[in-house]
Amino acid sequence: MTVSAVVVTYNRLPMLKEVIVALQKSETKVDNIIVVDNNSNQDTADYLTSLGNQIRYVRLSENIGGAGGFNKGIRYFMEQTTDDYVWLMDDDTVPTFTALTELLNAAKKVDNQFGFLASDVRWTDNTRAKMNLPFPINRFKKIPLDATELEQLRNATFVSVMFSRTVVDNIGLPVKEFFIWGDDIEYTERAARQLPGYMVPTSRVIHKMAQNVESNVSLDSINRVPRYFYAFRNRMYFSRNRGFIRFLRAHIRIAYEALMIFFNGQPKKWLRLKMVITGVVAGWFFRPKVEHASDKVKEIPHD
């Protein structure tokens, strides 16, 4: 079983270096390390170029966001490699020595019948990363920290998640127009409609976020508030694809989040509310098309 790791990066060179070293030292060999660079500064370009054939370097001419980066990375995996699996992660995600080994063991355990396999994402203090908490099919279940058995999930994030070539061929690529936020939830739910998706608790990665906090438009720092436009717009899109009841529930949930802006003591309340309203309205009319990549394996002549 061969694996391409796709890392999307943007101006976080010190962490990116740590991620690449961890991938190179993985217990199970990573066959291709594909680094998609969202037009980072020259120091990142110089470093990645210096690695030569240790990686496959995809430098973009502009920053098209995490969603666009993963779209390009998975397309490269499909069209430029013949690997069996693609393993996605951000540039602040450090896989442990056995993370990939455990994902591949899980793939064998379910006879390759999976939509996605997600790692157990921890923060630097070994608690679960709050931005990447697992969402089991049984929404009332909490997966213990010492769990060892596979757990079926509704969705997962792109902080260490693996897909098979067959599933990617069937479902297409992540929606690049998402730019940021929710592209991973939409994509893993799309995969889970094909085959069950699982968390692999024995596959551990460290998500080196500055703080272990959940996203919250009413509490987040003011410099991050504008990006919530994408959060609410994109939620409208993928909640619509979940059916009417869940689409309605999404509106109720968002109304609650908007209300909480005025009960929390953070500044720029009207700017925060503006991101909610403009995002939701834009989401009603947001109709991006799902792209598909050609499959290099299918193009290889067979005797």
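Analyst: Buried means under 20% relative accessible area, exposed over 50%, and partly exposed in between (1.4 Å probe, protein chains only). This is a predicted model, in which local features need pLDDT of at least 70, side-chain atom pairs count only at pLDDT 80 or more, and totals for chains, interfaces and linings use all residues. Residues are numbered from 1 along each chain as its sequence is written, and side-chain values use heavy atoms, with hydrogens and water left out.

User: Which residues are exposed on the other side of H2?

Analyst: Helix H2 (residues 42-50) has Thr-44, Ala-45, Tyr-47 and Leu-48 as its buried residues; helices (H or I, at least four residues) and strands (E, at least two) are DSSP runs, numbered from the N terminus. Down the axis of H2 these buried residues fall within an arc of 165°, so they line one face of the helix; the arc is that of the directions from the helix axis to the C-beta atoms. On the other side of H2, the exposed residues are Gln-42, Thr-49 and Ser-50.

User: Which residue with a positive phi follows H2?

Analyst: The cover over the buried residues of H2 includes strand E1 (3-9), helix H1 (13-24), strand E2 (32-37) and strand E3 (56-59), counted by contact (heavy atoms within 4.5 Å). After H2 comes a residue with a positive phi, near 60°: Gly-52.

User: How many residues apart are Arg-12 and Asp-91?

Analyst: Arg-12 and Asp-91 form a salt bridge, with the closest N and O atoms 2.6 Å apart; the term means a side-chain nitrogen of Lys or Arg within 4 Å of a carboxyl oxygen of Asp or Glu. Arg-12 lies in the loop between E1 and H1, and Asp-91 in the loop between strand E4 (85-90) and strand E5 (93-95), so far as sequence goes distant parts of the chain, separated by 79 residues.

User: What is the radius of gyration of the protein chain?

Analyst: The protein chain has 10 helices and 10 strands. The globule rule (2.2 Å times the number of residues to the power 0.38, the radius being taken over C-alpha atoms) gives 19 Å for 303 residues, and the chain comes close to this, so it is as compact as a globular protein of that length, with a radius of gyration of 19 Å.
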